[in-house]
Amino acid sequence: LLIRHAHSVANDRGVLAGRSKGVVLSQHGRKQAIELAERLRGVDVSSIHISPLERCHLTMAPFLDSITPAKKPKILISEDLSEVDYGSWTGKKLSSLYRHKLWKTVQNRPSAMYFPDGEGLANVQVRAMRALHNASATKGNQILVSHGDVIKSIVSAVLGTHLDNFQKIIIDPASVTVLDFDGTDFRVITLNSTTASVSE
């Protein structure tokens, strides 16, 4: 299960949060996290692989609080699932970034995009897929909690489409994307679900 963090205060302000610390959930995001816990009710989870950023941990807190201690999954913090390092773009308003000359590269040729003083989206996909393969090596249901662009890069790889097409994939806050792994390859079962119960 690939889960994007719930709506954050940065989402609320239209700011590219990146790896900024102290980015918590908005009021809407806190409600989404509670609803997510309900949607995950009944899912037996072996491990949760989670980005180190606070908004991801706050998203999963209601779900973890709902589980009895004997059934609590193992929590594994993964740097490979961290948000894109947007470098000097971090903390800037999206409305101003839209006018940047590199914005067209982000939208049309993301595989060629290296954020100033940050990392490249192709590198993000490599580490995201490493996290996915590490998780798939463990038995039982695995949850990966991450960020929109990171999850989009995983989905594009699983679907076998070029990273340059990843902007065609939508991953909303608090959405669940379900992958099936048969020991050899991944299949997409559910994409960007924001309402349905996962256990159904």
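Where does A174 lie? A174 is placed in the loop between α7 and β5 (176-181), where helices (H or I, at least four residues) and strands (E, at least two) are DSSP runs numbered from the N terminus.

## Basis of the model

This is a predicted model, in which local features need pLDDT of at least 70 and side-chain atom pairs count only at pLDDT 80 or more, while totals for chains, interfaces and linings use all residues. Residues are numbered from 1 along each chain as its sequence is written, and side-chain values use heavy atoms, with hydrogens and water left out.

## Positive phi angles

Most residues other than glycine have a negative phi. A174, although not a glycine, has a positive phi of about 65°, and with 5% relative accessibility A174 counts as buried (under 20% relative accessible area, with exposed over 50% and partly exposed in between, for a 1.4 Å probe and protein chains only).

N192, in strand β6 (residues 186-193), is another residue other than glycine with a positive phi, here near 55°. N192 is buried, its relative accessible area being 16%.

## Aromatic pairs

Rings of Phe, Tyr and Trp (its six-membered ring) pair if their centres lie within 6.5 Å, and planes under 30 degrees apart count as stacked, over 60 as edge-to-face and the rest as tilted. By this rule there are 5 aromatic pairs. One of them is the stacked pair of W89 and W103, with 6.2 Å centre to centre and 20° between the planes; this pair links distant parts of the chain, 14 residues apart, as W89 is in the loop between β3 (74-77) and α4 (94-97) and W103 is in helix α5 (residues 103-108). Both W89 and W103 are buried.

The ring centres of W89 and F115 are 5.3 Å apart with planes at 75°, so this pair is edge-to-face. Because F115 lies in the loop between α5 and α6 (121-136) and W89 in the loop between β3 and α4, the pair ties together parts that are 26 residues apart in sequence. F115 is buried, as is W89. Ring pairs join Y86, W89, Y98, W103 and F115 into a cluster.

## Packing of α6 and α7

The axes of α6 and helix α7 (residues 148-158) come within 9 Å and cross at roughly 75°, the axes being lines fitted to C-alpha atoms over the stretch in contact, with angles from 0 to 180 degrees between N-to-C directions. The contact (heavy atoms within 4.5 Å) involves residues including A128 and L132 of α6 and I154 and V158 of α7.
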